[in-house]
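Please keep the sequence and the structure in view while reading.

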Amino acid sequence: MLISKTSAWKNLQEHKTKAEKFSLYQLFSEDPQRAKTLSLQFNDIFLDYSKNLVTSETMALLFNLAKNVDVQIKAKAMFKGEKINLTENRAVLHTALRNIKNIPVELDGQNIMPEILAVRKHMHTFSTQIRNGEWRGFTGKRIKNIINIGIGGSDLGPVMAYEALKAYADKNLIFKFVSNIDSTHLVETTRDLNPEETLFIIASKTFTTEETITNALSARQWLLKKLKDEKAIAHHFVALSTNTEKVKEFGIAESNMFQFWDFVGGRYSLTSAIGLSLMIAIGPDNFDQLLAGFNAMDQHFLKAPIEKNMPIILALLGIWYNNFYAAQTYAILPYEQYLHRFPAYLQQLDMESNGKSVTLNDEWVDYQTGPILWGEPGTNGQHAFYQLIHQGRKMIPCDFIAFIHALNPLGDHHEKLLANVFAQTEALAFGKTKEQLETEHVSTNLLNHKTFLGNRPTNTILIDQLTPFSLGELIALYEHKVFVQGVIWNVDSFDQWGVELGKVLAKNILTELKTKNADLTHDSSTNQLIAKFKTQKPKEELT
């Protein structure tokens, strides 16, 4: 049965008619303890969700919705290795990657932890060799440049985390990331680098991902153009893959292949071998702290009661706006420059996981599933799109993320940054009325223009400091939020069939683009575009 047909859902629909009259100004005025009641502390993370359009009755109804679909039972099933990715018949065990206490985790009757620990040890050893200069290039020069080539989770995770933890990175090494099949990305990334000092990390589970392998082969040519010897490949390329045969065919030694598994989806793979570039950057000890942060939030999610469970609360608030207020987007607004790639990372996590229209019971949904996620770091966003959030006609719930202690203290920069965080959430919640403007003697013809209606919902996530540990907590917080929403909508959050059709069509069209007299059987628009390209392409390049 669709969740929309349940009494728990219908009770929330009925409650929405009452909620339409909510005023945050009034709710705060009537309850001096509201901020304290609707806040939660876990380790060094403080969540204030009091500036949401909810009351204790709303939250009780939302908690009942979560209980109605057995959220916590299904979470335990995921952690235990049950095959909850039904469309691919796979377990979902990214949580085992950060199982720092080495508690046995069984899959098909086998404990997978020895295998995970062996890969992690391999990563530790290799990272240390690069960092201390023991691993050398083909000509004996020390490696200074590390380029990760991947796409999707094999790129977004490492680049986001590297940027987030750049303060902890080895400053003697340069880290770059290539994902786009557009040749500009690789050309500009390798420009002015010395191949003798460059290591490529090729991240592709099958070692057949078109964008990644195309870039890898071009990187190979770039390297050999200078070093001239095929034997150089083994000194300048390592692989994160499961396809030993393809890796060896490329010229990479099997000993320089780092394994990962199909029970870890790409968007959840940062703590697998996909995180190798990050481990090299911040060192094995800091990487282990990242794992510890992930694990801490994992345990909180598993063990905390629903009413005090941070990922579940965030998930339910998102359901409230997405499904009962018809809010189609939400914004992630980190007030920390190091987190400038965090919204992009969460875009894949959320939109690829829950952008689905069919339930696990093979029914078409009659409700919205995954929202559109977007955002930029503060205060940049304030001078770009906040106008729409404050005074537009769309409801855009926002998560503000900030840190009490700066990593780079400079004058009063950090105090000004935090002042903006707190001011924005206050302004969005309470706005400014015509009456207030009149007392300020604002001219009549500007009263409407300067009125802020308020009642714009926000969460504030306040963390002590950005560290490897706290980043792990933060990422896991959103991972589990997305999981909970997928459970409530009853969709498979761990497949991504929606990315397949375009790939298949692109392969066919690629052949047609390269063939002189290809028979075009697409729609008239696609045929026209292919023909337009081919008329501008030199005839000698067509086969």
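In what order do the 6 strands of the open sheet with mixed pairing stand? The order is β1-β2-β13-β12-β10-β11. The model is a predicted one, in which local features need pLDDT of at least 70 and side-chain atom pairs count only at pLDDT 80 or more, while totals for chains, interfaces and linings use all residues. Residues are numbered from 1 along each chain as its sequence is written, and side-chain values use heavy atoms, with hydrogens and water left out. Helices (H or I, at least four residues) and strands (E, at least two) are DSSP runs, numbered from the N terminus.

Strands of a sheet pair through backbone hydrogen bonds, either parallel or antiparallel. Here two strands are taken to pair if DSSP finds at least two bridges between them. In the sheet of 6 strands, β1 (39-42) and β11 stand at the edges; each has a single partner strand, so one side of each is left without a neighbour in the sheet. On average, neighbouring strands of this sheet are turned by 15° against each other, direction ignored.

Within this sheet, β12 (residues 398-403) and β13 run parallel and are joined by 6 bridges; aspartate 399 has asparagine 459 in β13 as its bridge partner. Strand β10 (residues 329-334) pairs with β11 (residues 372-374) in the parallel sense over 3 bridges, and tyrosine 330 has its bridge partner, leucine 373, in β11. Strand β10 is mostly covered, with 5 of its 6 residues buried (under 20% relative accessible area, with a 1.4 Å probe and protein chains only).

The loop between α19 (447-450) and β13 (458-463) holds threonine 451. Is this threonine 451 buried or exposed? With a relative accessible area of 16%, threonine 451 is buried. Apart from neighbours within four places in sequence, threonine 451 is in contact with Gln391, Lys432, Lys434 and Leu437, where contact means heavy atoms within 4.5 Å.

A further open sheet has 5 strands in the order β6-β5-β7-β8-β9, with parallel pairing. Its edges are β6 (174-178) and β9 (257-258), each with a single partner strand, so one side of each lacks a neighbour in the sheet. Helix α9 (residues 210-227) lies across β5, β6, β7 and β8 and runs at about 160° to β7. For such angles, axes are lines fitted to C-alpha atoms, for helices over the stretch in contact, and angles run from 0 to 180 degrees between N-to-C directions.

Two packed helices are described by the angle between their axes and the distance between the axes. The axes of α1 (residues 7-19) and α4 (residues 56-68) come within 9 Å and cross at roughly 165°. The two helices α1 and α4 are therefore roughly antiparallel to each other, a term for angles over 145 degrees. Among the residues that meet are Trp9 and Leu12 in α1 and Leu61 and Leu65 in α4.

The axes of α5 (residues 71-80) and α20 (residues 468-489) come within 10 Å and cross at roughly 120°. That makes α5 oblique to α20, the class left over once angles under 35 degrees (roughly parallel), over 145 (roughly antiparallel) and 65 to 115 (roughly perpendicular) are set aside. The contact includes Phe79 of α5 and Phe483 of α20.

Note on methods. Buried means under 20% relative accessible area, exposed over 50%, partly exposed in between (1.4 Å probe, protein chains only).
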